[in-house]
Amino acid sequence: MSFFPRQSLQLTQLLSPKLNFKHRTFATLLDLKPFNSKLSNLMKNGLVDEAQNLFGEMPHRSTVTYNAMIRGYFLNGFYEKAVRLYNQMPSRDAFSYNTMISGLMQYGDVEGAEDVFEKMECRDVVTWNSLISGYVDNDLVGDAVRVFDTMPLKDVVSWNLVIAGLVKVREFDKAEELFREMVTRDVATWTIMMKAFLDAGWIVESREIFDDMPVKDIQAWNTIISGYIQNNFVEIAEGLFHKMPGKDSNSWSLMIDVFVSTERINDALRLFNEAPCKLQKSWNSIVLGFVKNGLVREAHAVLEKSPFGCVVSWTNIMIGYFNMEDVKNAMKVFQLMAIRDTTVWNAAIFGLGENDRVEDGVKLAIEMKKDGLALDEATFTSFLTICSNLPSLNLGKQIHAEAIKVGIDCFTAFGNALITMYFRCGNMDSALLEFNIMARHDIISWNSIICGLAHHGHGEKAIEMFEKMRLSSVKPNQITFVGVLSACSHGGLVAHGKHFFDVMRKEYSLRLTNEHYTCMVDLLGKFGLIDEAMSVMNQMSVDGVEIEASVWGALLGACRVHKNLPGAEIAGEKILELEPFNSGVYLILAEIYLAHGRREKAYGMWVRMKEKGVKKQPGCSWIESSVGGGKVFLAGDKSHPEFKSISCALDLIYLEMESRNTKLSVSLSDEYIEGVY
């Protein structure tokens, strides 16, 4: 009898360490739960350093702890740290392997993910789905289908992943075939298939899928509405929107955006006011819609009364005023803005430059720098654009030097602005140097260098650059050919001009514009080929291209040089029909009439000019002096504060010129007499 109690005691003593161990392990796991939860939250919020510190301070770590860290590393872009920690894990569970497969696939390490998959002794359906999802994300849909076919057990997610992959590569028939094979479908399955049909443009089939859905969630409604919008069936989309049993922020945003894009701005505003949740993005879209439709003042009035105004909306209003050339109101909006970030300043500087308020733009850029705002790529580019319209290179060079200091000079857009500025200010060597040291050339880079060389009369060099461009990966556009044809015109390269005119149409299938025709008429006209120039203009009418004043202007210039009075009369009158206040045309026609002895006709042009109240714009000169910077002079301006001093200086220059001309004529006469005798 006594044997059994003694045996029980021995058994209890033998088992007690194991029971204590299990108790401690369970207690440790309970203690780790809040730490693991905190690790996950830190990683989700991008606080990687804090998560690492917590991980390092933990006295005990479980597999869950390691999993949280590895998943967090992948989430925040620390691929190598995730791999290193995975290799250091003392033990792994299924979640460890699945996390690793998904993470490696996310960073394109397909072989690494496959290696992890192959080494797994026990795989669940999540493991297989992780591999399939990775293949789809890396555009290896064929491999995804292969793995799907070999899966021992599939769930709805497996089917959805493969169908979505087939849709991604536009294999809609195979996707539909799998869809029909499915025994059990969820809302996601139906939505994926509906989106597939919409992407293929099969509106009827997608609507059938939508109508057959046993359960429709908000995402399904949004998908079908979005599909109708993409295929320009806005009224049907609007009808479905109003039938929706429930709407989320995406539903409201979809309809507001489509109303804005179809210029139904008032409907967009009404819908925004009805929405239970007001999205700032939607409000900004509405304001931008008003501005794009030229309703800037109306948008301004609405914004004044609205509580949803933000820096984006006010910036759009300011830009709208600049586009209307209403600089006063644009700057008033700028000054009243409570928040002015770098983008706002950039827009204001650029707007002033575009409206020929160069000096104000320069002052604003200097003020921006004094206020300590960070100057970005757009700031420097806008500043350089303004400098392109100044006669002096000094400021532009200073901006260039400043950009080098802060490392902005490596950006392509900035390099393009530099090329344009140097060309416009006449410094071709610096423009070419900047082009040659640029790491990358885009279409603007090539156009800037070709047009710049053409403008300075280097036609052959411009064509040489164009041929280099054709050998690059950048395709020429319409602006490129304006530069090329202009280069031919400046360089007198008639044959080249005709060739490239045909190349543009036949090889690149680009539509000819008035600028291209102007270049051709100018090129042909310069060499007296007036009939050919007229033939080009006749072709414009045949092609349905409206002949603008610039084309007639090129013909008028050619007729003036080659003394073709009938052609000049036709061209001149056509320009005056289009631009009745163009003073230059009246004066050119009067000059041509005088050259042909038609005084009464010349007088008639002056009378017409006076009757219409047309006045000749005064000439303007910029002179950069070593003292006081740039000086501006207008012809006939007697209000200049130093008018008397300027007049005296001009008189001295005239006397010097007369003296030198007299000496030169006497010298030439002496040489002529000596040559005769």
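**Rings, helices and a loop**

Modeller: The count comes to 23 aromatic pairs. Rings of Phe, Tyr and Trp (its six-membered ring) pair if their centres lie within 6.5 Å. This is a predicted model: local features need pLDDT of at least 70, side-chain atom pairs count only at pLDDT 80 or more, and totals for chains, interfaces and linings use all residues. Residues are numbered from 1 along each chain as its sequence is written, and side-chain values use heavy atoms, leaving out hydrogens and water.

Biologist: Why is the pair of Phe466 and Phe500 called edge-to-face?

Modeller: Planes under 30 degrees apart count as stacked, over 60 as edge-to-face and the rest as tilted. Here the planes stand at 90°, with 5.3 Å centre to centre.

Biologist: Why is Tyr517 called buried?

Modeller: Buried means under 20% relative accessible area, exposed over 50%, partly exposed in between (1.4 Å probe, protein chains only). Tyr517 has 2%, so Tyr517 is buried. Phe501 has 8%, so Phe501 is buried too.

Biologist: And what makes Phe308 partly exposed?

Modeller: Its relative accessible area is 27%, so the label is partly exposed. Phe308 is in the loop between helix H18 (296–305) and helix H19 (311–323). Phe308 touches Phe272, Lys278, Gln280 and Trp283, not counting residues up to four places away in sequence. Touching means heavy atoms within 4.5 Å.

Biologist: Why are H31 and H32 called roughly antiparallel?

Modeller: The axes of H31 and helix H32 (residues 530–542) come within 8 Å and cross at roughly 165°. Axes are lines fitted to C-alpha atoms, for helices over the stretch in contact, and angles run from 0 to 180 degrees between N-to-C directions. Angles under 35 degrees count as roughly parallel, over 145 as roughly antiparallel, 65 to 115 as roughly perpendicular and the rest as oblique. H31 and H32 are therefore roughly antiparallel. Tyr517 of H31 is among the residues making the contact, as is Val536 of H32.

Note on methods:
Helix = DSSP H or I, 4+ residues; strand = E, 2+ residues; numbered from the N terminus.
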